[in-house]
Amino acid sequence: MTFPQGFVWGGATSAYQIEGAAYEDGRGPSIWDVFCRKPGAVLQGESGDRACDHYHRYKEDVALMKSLGLEAYRFSIAWPRVLPRGRGATNQAGLDFYDRLTDEVLRSGITPYVTLYHWDYPLRLHEEGGWLTHESSDWFADYAAVVVDRLSDRVRHWFTFNEPQIFVGMGYQEGCHAPGDRLDFAMVLTIAHNVLLAHGKAVQTIRSCSKTAPRIGYAVAPHEVAVPASTSDFDIEAARQVFFAVTKKDCLNNTWWTDPVVFGRYPEEGVNLFAKAVPSIGSNDMSIICQPLDFLGLNVYFGRKYCAGRNDAPEAVPLEPGQAYTSYHWPVVPESLYWAPKFYWERYKLPVIISENGMAGSDVLSPDGGVHDPERIDFLKGYLRELMRACKDGIDVRGYFLWSILDNFEWAAGYSQRFGIVYVDYQTQKRIVKDSARWYKEVIASNGAVL
Ligand code: FCB
């Protein structure tokens, strides 16, 4: 058994997590540069100042990707590297970097997938009111235009946003990600609305300015995938209900972020629950937000099992004693990679791309010079088998991007969580291919047959 023909095997990264060179070649500051300097915000006060130094080592990194047989590479553009103040004057050196990177990726036979926003918001715009201001969606569309103008002769695949529910929730409500705000819920929902508008306007911009026919998606985080505890229809419906429910006044739900984008409306359950906190919605807003998309990106890491309890009401199933966890303490639930695409596909009827999946491990450099990570191989094997099952059941999954190619700066957890299939020695910047990378190479080469 293999994955469908044409299935795309890739790897993903993001700018702030790997590039480093935070103060070089005219890059402007981002909210993460400032957040990392806030005492106690990031583990050990670490930052992405240097990270994997990918800005200087991108050739070596792309050569590594090529040697692993990667077919596609998802990377993000640092907005403040391209527009140091967020808007206005562009920074040629920054644009040149993404130009060179794109060329190197293409020269290696790899298809670039570009994410426009993976959380490194320009500090200057934040100081001007950021996502709370009405103009913020136009700022984003203007930024998109600059990138599209420069790269779209070679780049065809785009993601507008990465995990809006996470950067809005953690950044503006919980305060544990940049910019570290704890705003009231009405303001958080205003930010969410402006982000959704920015998504819609960016899609319009990409479609109208692109020099080649674009394929556009949006990457969301089905944070904790609701997985049915059994194959009974009751359990499946219980899990589906939880998966698409809005039950808390926070950002961690699926429909608030995807219904507007695909259906052009907020979910009723959310509108009722959020009540007065829902922002006023302009008469054209929903038609701007709801643009035709070519795919939905799903970042899938873990899930939780549900069954139908009394009166068929969903009940969370307690974790088994001895449940496996990654070093980030995320439970290992391989079925998440079956049910997330299935539920999304059935509700939204858009092709799915797994835009992120992977695990943090306590990887160490072994005395024999290798990095042996059998847990990661087992993790990926379990998850990918479930994804294969989804394809077999007719769910339209087009590709898989492993998070991540390199160990990198894991946001508030600093460098404590190694997600890479390539180990990075942060002192020497030496890259060491882990066992899981060699294994992934075989998965790609066999289109999943070795699973
Ligand atoms: C996702 C983020 C990505 C990375 C992984 C582990 O939520 O999109 O940047 O941090 O988690």
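## Strand pairing

Two strands are said to pair if DSSP finds at least two bridges between them. The model examined here is predicted. In it, strand β10 and strand β11 (residues 397–403) are joined by three bridges and run parallel.

Strand β10 itself spans residues 352–356 and is mostly covered, with five of its five residues buried. In a regular strand, side chains alternate between the two faces of the sheet.

## The ligand site

Which residues surround the ligand? The shell is formed by Gln17, His118, Trp119, Asn162, Glu163, Asn299, Tyr301, Glu356, Trp403, Glu410, Trp411 and Phe419. Sorted by class, this shell holds five nonpolar, four polar and three charged residues.

Asp33 is located in helix α2, which covers residues 31–35. Asp33 counts as buried because its relative accessibility is 3%, and the limit for that class is under 20%. The side chain of Asp33 is joined to that of Arg27 by a polar contact of 3.0 Å. Beyond residues up to four places away in sequence, Asp33 touches Tyr16, Ala22, Tyr23, Arg27, Gly28 and Asp49.

Tyr426 occupies the loop between β12 (422–425) and β13 (430–433). With a relative accessibility of 14%, Tyr426 also counts as buried. Its side chain reaches the backbone nitrogen of Asn408 at 3.0 Å. With residues up to four places away in sequence set aside, the contacts of Tyr426 are Arg50, Ala51, Cys52, Asp407, Asn408, Tyr415 and Arg418. The C-alpha atoms of Tyr426 and Asp53 are separated by 9.1 Å, although the two residues are 373 residues apart along the chain.

## A partly exposed loop residue

Glu71 belongs to the loop between α3 (54–67) and β2 (72–76). Is Glu71 buried, exposed or partly exposed? Its relative accessible area is 30%, so Glu71 is classed as partly exposed, a category that lies between the limits of 20% and 50%.

Apart from neighbours within four places in sequence, Glu71 is in contact with Phe7, Val8, Trp9, Gly109, Ile110, Thr111 and Ile444. Glu71 and Ala89, by contrast, are 18 residues apart in sequence but 34 Å apart in space, C-alpha to C-alpha.

## Backbone geometry

Most residues other than glycine have a negative phi, and most peptide bonds are trans. The peptide bond from Ala178 to Pro179 is cis, with omega near 5°; Pro179 is found in the loop between α8 (164–174) and α9 (185–209). A cis peptide bond also links Trp403 to Ser404, with omega near 10°. Ser404 lies in the loop between β11 and β12, while Trp403 is one of the residues that surround the ligand.

Gln44 is not a glycine, yet has a positive phi of about 55°. This residue is found in the loop between α2 and α3, and Gln44 counts as exposed at 69% relative accessibility. Lys349, another residue other than glycine, has a positive phi near 55°. The place of Lys349 is in the loop between α14 (336–348) and β10. At 59% relative accessibility, Lys349 counts as exposed.

Terms used:
Residues numbered from 1 in each chain as written. Predicted model: local features only at pLDDT ≥ 70, side-chain atom pairs only at ≥ 80, totals over all residues. Heavy atoms only, no water. Near = heavy atom within 4 Å. Nonpolar A, V, L, I, M, F, W, Y, C, P; charged D, E, K, R; others polar. Helix = DSSP H or I, 4+ residues; strand = E, 2+ residues; numbered from the N terminus. Buried < 20%, exposed > 50% of the residue type's maximum accessible area, 1.4 Å probe, protein only. Polar contact = N/O pair within 3.5 Å; in protein donor to acceptor, adjacent residues only side chain to side chain. Contact = heavy atoms within 4.5 Å.
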